Amino acid sequence: MDDPRAHTTYTWDPMSAGWVHERGPESTPPPQPPDVHALQSYFFDPDSKEWIRTVLAPMGRELAARWQGAHRIPDSGLTTAPAAEPAPPPTGSRVGLVFAIVVLLTLSGAGVFASQSNLFTVVSAAPMVVATIAPAATPSPAADPVATEPAAPVTSEPVAAVTNASATPRVPPVIVPAGPRTTLPEGTVIVYTGPTSVSRGGFLPASFSVIAPNGGPASGDLTIVLGDLQRDPRLVNGSLDARGKIALDVPATLPVGSYALSIVYKGSRAFLATVVVR
């Protein structure tokens, strides 16, 4: 008996991170592809009982034309090679560092710093930091009969101020506007500030405000989806401005009715509002 999935084709949509049914009987879609950031189509092979990647199906070609280059060719491999672990630092540097620490401890314990008239330079492991250590006062020749000449004068050098390189600049908080909102798993807040009804055949002026987890304006690309992804939705894509805002016109060419308005941002999809096409 032939497998009912013999003529079934699905296309992977990287913008919504989901499968789009192309043709054939609807069934359980293929497993998630190895390259989730590429637009690609799969058909079911009844002989091998496996999903085989093929050229883009009609919906895939339509999405590719609509996004104007937002897709790419998937990786040729079916598995992703693990990232190479960084090589451990040479053991010689560790030995040198331990040796330098032991020498410094030995010199400080023996009181060598107090008996020398010249300045010592202490060198640590990278990044290199040079510190100037002033010696103790040299005793007078009368008190030390061994001394044959006065000690060299000690000059002071300016010390550069040390700044905290790890400190991060404070991000001014963004005022969250009113409107339907959602919070993504990583903490990004998205607020819809547009209308919830539109005349059929016109355009929905969809606008959003996106706040990053640190309270500042978010950045990156955002895709607006009007309708069901499985039933010919209306998609538009754009980039957030410096204030974390975006405003795009979504074609309202769907039949009269109520439709979900959702977004896709950095791999996450979220529902924002219900839009009525009248």
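## Aromatic rings

In this predicted model, F44 counts as buried, because its relative accessibility is 2% and the cut-off for buried is under 20%. W51 is also buried, with a relative accessible area of 17%. A search of the whole structure finds five aromatic pairs. The ring centres of F44 and W51 lie 5.3 Å apart with their planes at 70 degrees, so this pair is edge-to-face. Ring pairs also bring in Y10, which is linked with F44 and W51 into a cluster.

Y192 and F208 form an aromatic pair that is tilted, with 5.1 Å from centre to centre and 45 degrees between the planes. Since Y192 belongs to strand β8 and F208 to strand β10, the pair ties together parts that are 16 residues apart in sequence. Y192 is buried at 1% relative accessibility, and F208 is buried at 2%.

## Nonpolar cores

The largest nonpolar core has 28 residues, among which F208 and Y265 touch the most other members. Strands that each supply at least two residues of this core include β8, β10 and β14, while β15 gives the most, with five residues. A second, separate core of nine residues includes L63, A64, L229 and L235.

Leaving aside neighbours within four places in sequence, Y265 is in contact with several residues, among them L184, I190, V210 and L222.

## A buried charged residue

E22 is found in strand β2, which covers residues 18-23. E22 is buried yet has no salt bridge, and the nearest side chain of opposite charge, that of R23, is 5.6 Å away. Apart from neighbours within four places in sequence, the contacts of E22 include T9, Y10, P58 and M59.

Technical notes
Residues are numbered from 1 along each chain as its sequence is written. This is a predicted model: local features need pLDDT of at least 70, side-chain atom pairs count only at pLDDT 80 or more; totals for chains, interfaces and linings use all residues. Side-chain values use heavy atoms; hydrogens and water are left out. Helices (H or I, at least four residues) and strands (E, at least two) are DSSP runs, numbered from the N terminus. Buried means under 20% relative accessible area, exposed over 50%, partly exposed in between (1.4 Å probe, protein chains only). Lys and Arg count as positive and Asp and Glu as negative; His and the chain ends are not counted. A salt bridge is a side-chain nitrogen of Lys or Arg within 4 Å of a carboxyl oxygen of Asp or Glu. Contact means heavy atoms within 4.5 Å. A nonpolar core is a set of buried Ala, Val, Leu, Ile, Met, Phe, Trp, Tyr and Cys residues joined through side-chain atoms within 4.5 Å. Rings of Phe, Tyr and Trp (its six-membered ring) pair if their centres lie within 6.5 Å; planes under 30 degrees apart count as stacked, over 60 as edge-to-face and the rest as tilted.
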